Amino acid sequence: MNLRVLSDKDAPFMLEWMHDTSVVENLQANFATKTLEDCKQFILSAQDTSENVHLAIVDDADTYMGTVSLKHICDRRAEFAITIRTCAMGQGYARFAMAEIIRLGFEKLFLDTVYWCVAPENKRAVRFYDKNGYPRVSLGELECALRFYRPEQAKNYIWYAVNRDHSD
C-alpha cells in the first residue's frame, strides 16, 4: 500500500467508484453524472496542492484503490475526505490511507487540526471511524467548517476531529 500523486491512469478506476451506488449513496456530491473527462479534469486540478491535497491510494502493483484528501487547507486546519473502490474495502486501505494523510498533514503541512463529517446514514463509515478510535466532536468546536457547509446541513452530520497534540 502506498499514497502517490494522482495520475491519468487512475481516471477509469475513479469513475468506477463514482458510479458505484454502494460507495456514493451517502456522500454529499452527485457522482452519478460524472464522466471520464470529469475524472481527468479533477486529476489535473489535483496537481495544485495549495488549498487541497488529493492523493491516490494504490496497491503494491501501483493500481488505484481510492482517493484520500485534505481539503480547504487554511488556518492550520484541513478537512479530511476518502473514497475507496468496493474491491478495496475491508483490505486495510482506508485505515492505512487515513493514518498516512493525517500524518502528512501534521508533519509536512504543519496542520493543527484535521476534521471531517459523515452522514449518520453512512453506517459503514461511522462504524469505521468509531472502531478506529477517531474522536467525535461538536460542530461548535469546528466553526471553520461552517464556511463550507450550510448550517442546516452541517448540524445533520456526525463530526470528527484529530488535533496535532492528540494524534497518536
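Student: Which residues form a positive surface patch?
Tutor: Arg95, Lys123, Arg124, Arg127 and Lys131 form it. A quick note on the ground rules: this is a predicted model, where local features need pLDDT of at least 70 and side-chain atom pairs count only at pLDDT 80 or more, while totals for chains, interfaces and linings use all residues. Residues are numbered from 1 along each chain as its sequence is written, and side-chain values use heavy atoms, with hydrogens and water left out.

Student: How is such a patch defined?
Tutor: Patch residues have over 30% relative accessible area and no salt bridge; like charges are joined within 9 Å, nonpolar side chains (Val, Leu, Ile, Met, Phe, Trp, Tyr) within 5 Å. Lys and Arg count as positive, Asp and Glu as negative, and His and the chain ends are not counted. The charge is placed at NZ of Lys, CZ of Arg, CG of Asp or CD of Glu. Areas come from the Shrake-Rupley method with a 1.4 Å probe, and for residues only the protein chains shown count as cover.

Student: Which element gives the largest share of the positive patch?
Tutor: Helix α5 (residues 123-131), with four residues. Helices (H or I, at least four residues) and strands (E, at least two) are DSSP runs, numbered from the N terminus. Arg124 sits in helix α5 and is partly exposed, at a relative accessible area of 38%. The classes are buried (under 20% relative accessible area), exposed (over 50%) and partly exposed in between, with a 1.4 Å probe and protein chains only.

Student: On to salt bridges. How many are there?
Tutor: Side chains of opposite charge can pair when their charged atoms come close. The rule is a side-chain nitrogen of Lys or Arg within 4 Å of a carboxyl oxygen of Asp or Glu, and the count comes to 10 salt bridges. One of them joins Arg85 and Glu16 at 2.9 Å, N to O. That pair links distant parts of the chain, 69 residues apart: Arg85 is in the loop between β4 (77-84) and α4, and Glu16 is in helix α1. Arg85 is buried at 7% relative accessibility, whereas Glu16 is partly exposed at 34%.

Student: Which residues do shared partners join into one network?
Tutor: Arg4, Lys9, Asp10 and Asp62. Arg4 meets Asp10 at 2.8 Å, N to O; Arg4 is buried at 16%, and so is Asp10 at 1%. Lys9 bridges to Asp62, with the closest N and O atoms 2.6 Å apart. Those two are 53 residues apart, Lys9 in the loop between β1 (2-5) and α1 (11-18), Asp62 in the loop between β2 and β3.

Student: What about phi of Asp62?
Tutor: Asp62 has a positive phi of about 70 degrees, although it is not a glycine. Phe110 also has a positive phi, near 60 degrees. Phe110 lies in the loop between α4 (93-107) and β5 (113-118) and is partly exposed at 49% relative accessibility.

Student: And what does the side chain of Ser69 contact?
Tutor: The side chain of His54, in a polar contact of 2.6 Å. A polar contact is a pair of N or O atoms within 3.5 Å; within protein, one must be able to donate a hydrogen and the other to accept it, and residues adjacent in sequence count only if both atoms are side-chain atoms. Ser69 is in strand β3 (residues 64-74) and is buried at 5% relative accessibility.
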